[in-house]
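Please examine the sequence and the structure below before reading on.

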Amino acid sequence: MKIVQLIVNRVFVSSVVLICTLFIIPPVYGIADGNKVTYYEYLYGAPFRWLTVKSSIENNASVKNIFFSGNEGVSIDWSALAGDFLLIFILVCIIFLISNKLKNRKQG
């Protein structure tokens, strides 16, 4: 039961870190010329860009402005999202492992 709780805790922390990367790491910016209008593309996520937001107006690329004013579509690359989550999960597990070893060394 203790192992299940450890895994659930690490999955939760990894999910929170994955969502926080959307706000911390700046997006990659691109321009896609359409038939009638120019679209601005913002690619979010790190290290794999898994969230693409297309907007018809150029704005300052903040998450709030892109999602709530003038976006033309949002797409998610599920394989890149899974890769990002797996990478973050492995990093979180390594950090927890190092933390536990340091805590055990101090106690004993």
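## Contacts and overall make-up

Two residues are said to be in contact when heavy atoms of theirs lie within 4.5 Å. In this predicted model, residues 24 or more positions apart account for 37% of the contacts with a separation of 6 or more.

The protein contains three helices and four strands. Along the sequence, these elements follow the pattern α-β-β-β-α-β-α. The protein has 108 residues, of which 22% count as buried.

## Confidence of the prediction

The mean pLDDT of the protein is 85, and 86% of the residues score at least 70. Among the elements, helix 3 (residues 78-107) has the highest mean value, 93, whereas helix 2 (residues 63-68) has the lowest, 65. Where pLDDT is low, the predicted coordinates should not be read in detail.

## Strand pairing

Strand 1 (residues 28-33) pairs with strand 2 (residues 38-44) in the antiparallel sense, over six bridges. Within this pairing, G30 has E41 of strand 2 as its bridge partner. Strand 2 also pairs in the antiparallel sense with strand 3 (residues 51-55), over five bridges. Here the bridge partner of Y40 is S55 in strand 3. Strands 2 and 3 form a hairpin with six residues between them, and G45 in the turn has a positive phi of about 105°.

With a relative accessibility of 24%, A32 counts as partly exposed, because the buried class requires a value under 20%. Apart from neighbours within four places in sequence, A32 is in contact with V37, T38, Y39 and E41. The C-alpha atoms of A32 and S55 are 9.9 Å apart, while the two residues are separated by 23 residues along the chain.

## Aromatic pairs

How many aromatic pairs does the structure hold? There are three. In one of them, the ring centres of Y29 and Y42 are 5.4 Å apart and the planes stand at 50°, so this pair is tilted. Y29 belongs to strand 1 and Y42 to strand 2, so the pair ties together parts that are 13 residues apart in sequence. Is each of these two residues buried, partly exposed or exposed? Y29, at 40% relative accessibility, counts as partly exposed, whereas Y42, at 0%, counts as buried.

The rings of F85 and F89 have centres 6.3 Å apart and planes at 20°, so they form a stacked pair. These two residues are four apart in helix 3, and about one helical turn therefore separates them. F85 is partly exposed, with a relative accessible area of 26%. Ring pairs also link Y29, Y40 and Y42 into a cluster.

## The largest nonpolar core

Which residues make up the largest nonpolar core? It consists of twelve residues: L18, L22, Y40, Y42, Y44, W50, L51, V53, A80, L81, I88 and V92. Helix 1 (2-24), strand 2, strand 3 and helix 3 each supply at least two residues of this core. Helix 3 gives the most, with four residues. In soluble globular proteins, nonpolar side chains tend to be buried together.

Conventions
Residues are numbered from 1 along each chain as its sequence is written. This is a predicted model: local features need pLDDT of at least 70, side-chain atom pairs count only at pLDDT 80 or more; totals for chains, interfaces and linings use all residues. Side-chain values use heavy atoms; hydrogens and water are left out. Two strands pair if DSSP finds at least two bridges between them. pLDDT is the predictor's confidence in each residue, from 0 to 100. Rings of Phe, Tyr and Trp (its six-membered ring) pair if their centres lie within 6.5 Å; planes under 30 degrees apart count as stacked, over 60 as edge-to-face and the rest as tilted. Buried means under 20% relative accessible area, exposed over 50%, partly exposed in between (1.4 Å probe, protein chains only). A nonpolar core is a set of buried Ala, Val, Leu, Ile, Met, Phe, Trp, Tyr and Cys residues joined through side-chain atoms within 4.5 Å.
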